[in-house]
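Visitor: Please take me slowly through one part of this model, and then show me how the chains beside it are built.

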Amino acid sequence: MQEEQKERRDFIGMALGATALVGIGGGLGFAAKRTWDPLPSVKAAGFTTVDLSVAKPNELIVEKWRGKPIFILKKTAEMEANDRDVVIGSDRFHISIGLCTHLGCIPAYKKDDHEFFCACHGGRFNASGINEPGLPPPSPLEIPPFKIAGTELILGEAGPEYKKMLDAGLTV
Amino acid sequence: MRELKIFAVVAFFSLLTYYLVEPYAHHEMHKKVDANGNEIIIKSHGFTYDGTDDIAEAERKGDAALVTKKKAFWSDVATVSKMTGNAAAGEAVFANCMACHNGANINMGGVIPPNLDHAGAIYDKNYLIALIKDPAMASNVDHKYADTSTHPMGSIKFTVSDNQQIADVVAYMQEHKAGEVTPKEAFTEACVRCHAVRYTKTTQIGETPKFKYKKDELAHEIKVIEEQDKVKAYMGNLPPDLSMMIRARGAHYLETFIENPQGQLPGTSMPRVGLNAEGYEKVKAYLSEAGDPSKKAREELGPWVIGFFIFFTILAFFWKKSMWRDLH
Amino acid sequence: MAHFEKANNLNEWLDQRIGLNTLKRVLNTEYWIPKDINFLWVMGMVLAATFGILVISGIFLLMYYKPDTNLAFDSVNYTIMSEVGYGWLWRHIHGVGASIVFLIIYIHMFTGIYYSSYKKGRELIWLSGMGLFVAFSAEAFSGYMLPWGQMSYWAGMVITNLFSGGSLEAYALVEWIRGDYVPGDAYLTRFFMLHVFLIPLVIIGLIVLHFGTLRLPHVNNQEGADIDYEEAAALYKAGKKKESKVIPFSPVFLSKDIFVMGVYFILFFYLVFYHFDFAMDPVNFDPANGLKTPAHIYPEWYFLWSYEILRPFSKDVGLIAFAISQVALFALPFIDRSPNVAPAHKRGLFQIWFWALLVIMITLTALGKLPPTDPLFAAMGLVFAVLFLLMGPALFIITMFEKKLEKGA
């Protein structure tokens, strides 16, 4: 009898503890998570439009999108074509997020060598953004979601060309 | 039950204090009294306009001439209101209005003439009639003008003066300038020429676009300041930004203030804008979205949180009972 | 060095290093609380919980608030209230919590007065508690500045002007406090620092002291009975729970605590979701404007009684009366000359004094918000301010002649 009562009492106590833990802890955790989510105004600012008709061959344009540098390089006729190129009419463009895939420094474009060189740990990428094997960067420069509208490039919106590259595993 | 008795005492004094510092104190603070010390009760009358407020105000001022004038004006309005308007004939008259109300967003005589695209839907019929007859009298700001023809829209008194014409043009607006109105459209047409709402990026000249270059942004800002200066010169003060107005004033104040600004703020230069009930609901919806967008989330989450604590308390009650059972 | 053996579990490992079992015993299972109590004894824990809620909601607000006169208002009313996920919830909890915490403080204080819990060895409990009241007042005032609305600005203006000391005209001191001629950027950032760092630190220190002062004199009980704790504890431990006059803090007292807290939270969240206007004055949703005073300015409800003591007098007299009212309550244990520790209903005239004090303070609170332009309210304000000031001497006289109660009566 005594034992039974004690058990029941312990059960209520534990149920109360569990309720408090799940309810208060869970609620607080969920609300805390939502509080740290990027704000709507941050998300709304995630679109940038760039006019590609003004680009000159072998001259790197750097645009800012979601706070990150975006490389836009109009390829010359001699430069090697790649599936990662964005083709508009007869022009080919290399478009990528200008952050080294090693640890996120911004590589510099070497105009004469047609390659990107990252000063932080010596990584190299060719004009198509492919990393040179044996050096620190583990993968090619990432391609940002983009959409082509005429000669305009809309960054932040996934168009059919981008989806194709994504499906082909050319970027993550 | 001693504990319950103690609780009753605590609750009594807490609620008494609450009553004294909130409902009672606020009532005493905002009370309006007339010359004889009688309280003036300001009530909404469903966003219809027949001059009752205006005549009562004139009577309180003890100005017999003004009382006669207001009575005559609003009885004229009632006469026109009973006439049958011909929308087809009204279209030609409306062409007069388009000379200024053309959506060009250009300041004329102090303010930008409002767009009339939904005038028939958001404004009261009587008010529209009154406005065409005499804009200053209709908006209850005639005290600002020695001669109401000097009101920026005063010339309408001479261009559209025939009662049948007025009935026709109002009929035209109610038939062709109506339709579905969004809260944003209603607010823009009724309020935006004077009031900015920075939380929705709206200024006196409309919604602020996004600029890529700082230079364009500053040029736009200067345009806004220039317009604000004109409005300020005309109104005496820059009308306030309405971003947080829904929480700064509350529903009752806004309702009665919009119906008749003079009632809540005697002498204000804000004109009555003549919204009907539907127009007011849209404007209120817009202001709520700008100043209190979390209202819905708040009301949805409330029952869950409170429900959780009720459950928690019931469990706690049984735990307490079991812990205290063998103590007494 | 102490001798350490291999621990068999985490509990043992911790016990060897920080004396976990001793801590548990001293703070929980053998921290003895009298059995003869009612729910008012739980208000201290309710206050601690409310302080916790204020700290948590404050941390979330702190991550988006911007202490800058150009940005503060919109960072609160736009960013936090409409952009941040559950930002509105944190703000409503913080606003309602800041107001309700004072209701509980007042209930806690009046409980202490009613049951004479500030006497005979319990003076420091009262003094540290009053210290907490002052610290909470400073915390509330500095927090009220942060949204930088009309009420923030004008409250800042008026309260800092008090430091000019009336005819002393110490305007240099006022300007030093503000760091400006009027409340401005420097003022806002220093009050921000006080609100989020220095004062909370002081409050936490005082809470520890307040708990510490309870330890030796023990918590009072409903009859003010002098309990032999060792004897009572021994009885309890021997299983004679019915005969013992005490219960352990954990889990027995705690179970009552948690039940009362549950009821409190139901009320608290009802206010947060459906009835927050009393704690978030609509006038403060107008941005600060140094060229336009609102038609009616008044402090938050918990400061009204002391504000009303300032109002009916001329500037200098008002300031002196105000200063006396602020320190008078501290002196309570020393003004009360009675030898008795007993509830007010057993202390003769003291009972009348107690209810009179409550009624006077509530009346002053109400008058503090009523327009002083009304001659009736102005006259009442003067009468009740004088009455309040007379309550101190009255207590001294009443308690001097109070008869000593028989033990066990």
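Guide: The second largest pocket is lined by 44 residues, and those nearest its centre are Phe7(B), Val10(B), Phe39(C), Val263(C) and Leu267(C). (A pocket is an open set of points on a 1 Å grid over the protein atoms alone, with protein on both sides within 12 Å along at least five of seven lines, and a lining residue has an atom within 4 Å of a point.) This is a predicted model, in which local features need pLDDT of at least 70 and side-chain atom pairs count only at pLDDT 80 or more, while totals for chains, interfaces and linings use all residues. Residues are numbered from 1 along each chain as its sequence is written, chains are lettered from A and ligands numbered from 1 in the order in which they are written, and side-chain values use heavy atoms, without hydrogens or water.

The volume of this second largest pocket is about 1300 Å³, counted as the space filled by probe spheres set on the grid points. At least two lining residues come from each of helix H1 (2–30) and helix H16 (295–324) of chain B, and likewise from each of helix H3 (43–62), helix H5 (87–114) and helix H11 (249–274) of chain C; helices are DSSP runs of H or I with at least four residues, strands are runs of E with at least two, and both are numbered from the N terminus. H1(B) gives the largest share of the lining, 12 residues. By residue type, the lining divides into 29 nonpolar, five polar and 10 charged, where Ala, Val, Leu, Ile, Met, Phe, Trp, Tyr, Cys and Pro count as nonpolar, Asp, Glu, Lys and Arg as charged, and the others, Gly among them, as polar.

Chain C, which supplies part of that lining, has 16 helices and two strands. Its radius of gyration is 24 Å, close to the 22 Å that the globule rule gives for 409 residues, so chain C is as compact as a globular protein of that length. (This radius is taken over C-alpha atoms, and the rule is 2.2 Å times the number of residues to the power 0.38.) Of the 409 residues of chain C, 53% count as buried, that is, under 20% relative accessible area with a 1.4 Å probe and protein chains only, whereas exposed means over 50% and partly exposed lies in between.

Chain A has three helices and 10 strands. The radius of gyration of chain A is 25 Å, well over the 16 Å that the globule rule gives for 172 residues, so chain A is more spread out than a compact globule. The C-alpha atoms of chain A fill a box of roughly 95 × 40 × 25 Å along the principal axes, and 37% of its residues count as buried.

S1(A) runs antiparallel to strand S10 (residues 152–155), joined by four bridges (strands pair if DSSP finds at least two bridges between them), and Val50(A) has Leu153(A) as its bridge partner. Strand S2 (residues 60–65) of chain A pairs with S3(A) in the antiparallel sense over six bridges, with Val62(A) opposite Phe71(A). S3(A) also pairs with strand S5 (residues 91–97) of chain A, antiparallel over five bridges, and there Leu73(A) stands opposite His94(A). Six of the seven residues of S3(A) are buried.

Conventions: On a 1 Å grid over the protein atoms alone, a cavity is a set of points where a 1.4 Å probe fits but cannot get out, and a pocket is an open set with protein on both sides within 12 Å along at least five of seven lines; lining residues have an atom within 4 Å of a point.
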